[in-house]
Amino acid sequence: MSLLDVIKTRRSIRSFNDEPISDEDAEKILDAARLAPSGGNRQRWDFIYVKDPRVLRMIKNCSPGLYGDAVAVVVIGMEMVKAPFGGADYGSIVGVLDIGFAAENILLAAHALGLGGCAIASFNESCIKKVIDAPAAWRPILLVSLGYPSDQPKMPPKKQLSEVVHLDRYGRKWERLEGKT
Ligand SMILES: Cc1cc2nc3c(=O)[nH]c(=O)nc-3n(C[C@H](O)[C@H](O)[C@H](O)COP(=O)(O)O)c2cc1C
């Protein structure tokens with residue numbers, strides 16, 4: 001599959017069969033995360049790969065947004081930096097963006113390997129921290145569930161290109177995109 005096909009056919013997977021993920025595939029997926037772009041190349045992320053069924057159960061209990069019995073979950077987080085003068089914590093905002101890039105790499109690599117997964121932001125932070133024994137200043141930002149899909153969901157409604165793309169100026173339409181789905 002070409003990269004564009006991987007991007008186009010990836011879906012959020014929320015139901016899985018119980019086939020385990022080989023450690024070789026897990027390593028490929030985590031390596032894709034490691035290679036994601038990051039602001040200033042700071043790579044302020046940690047990926048906690050959870051495959052122990054007992055720990056997975058506890059993660060699930062912390063995460064109302066985690067559907068299905070994933071055979072692995074990647075907890076992605078980072079140490080938060082203190083804003084120097086009480087202003088916006090710019091470094092941490094960029095760090096959170098970086099984690100979004102890494103998560104997409106995980107989802108695309110998983111899909112390319114025949115696996116599936118879903119990003120999950122709906123979880124209880126302190127509960128997750130306790131389960132994985134994270135240090136105080138470290139915050140989980142996103143979970144990614146992983147496993148072999150037990151169904152193939154249809155693409156949910158997506159906005160048309162012409163609805164979200166502006167040409168040269170805000171609000172200016174690009175004619176070639178009109179009417180395309
Ligand atoms: C930052 C983020 C958080 C998300 N959190 C959840 C979640 O907690 N639970 C869930 O089932 N899906 C979650 N999703 C998945 C979205 O619902 C999904 O990407 C969206 O419906 C589009 O579907 P698609 O991924 O198949 O294109 C999240 C996605 C993103 C990017």
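A polar contact here is a pair of N or O atoms within 3.5 Å; inside the protein, one atom must be able to donate a hydrogen and the other to accept it, and sequence neighbours count only if both atoms are side-chain atoms. The model is predicted, so to speak of local features takes a pLDDT of at least 70 and side-chain atom pairs count only at pLDDT 80 or more, while totals for chains, interfaces and linings use all residues. Residues are numbered from 1 along each chain as its sequence is written, and side-chain values use heavy atoms, with hydrogens and water left out.

Now for the ligand. A polar side-chain atom of Lys-158 sits 2.6 Å from one of the ligand's oxygen atoms, and Arg-11 likewise places a polar side-chain atom 2.7 Å from a ligand oxygen. On its own the ligand has 630 Å² of accessible area (Shrake-Rupley method, 1.4 Å probe), and the protein covers 62% of that.

The shell around the ligand holds 14 residues, each with a heavy atom within 4 Å of it. Arg-10, Arg-11, Ser-12, Arg-14 and Lys-158 are the closest. By type, the shell splits into seven nonpolar, three polar and four charged residues; Asp, Glu, Lys and Arg count as charged, Ala, Val, Leu, Ile, Met, Phe, Trp, Tyr, Cys and Pro as nonpolar, and the others, Gly among them, as polar. Strand β3 (residues 116–120) gives the largest share, three residues.

Zooming out, the protein has six helices and four strands, taken as DSSP runs numbered from the N terminus (helices H or I, at least four residues; strands E, at least two). Along the sequence they follow α-α-β-α-β-α-β-α-β-α. The axes of α3 (residues 53–61) and α5 (residues 125–132) come within 9 Å and cross at roughly 165 degrees; axes are lines fitted to C-alpha atoms over the stretch in contact, with angles from 0 to 180 degrees between N-to-C directions. The two helices are therefore roughly antiparallel, a label for angles over 145 degrees.

Technical notes. Parallel < 35°, antiparallel > 145°, perpendicular 65-115°, else oblique.
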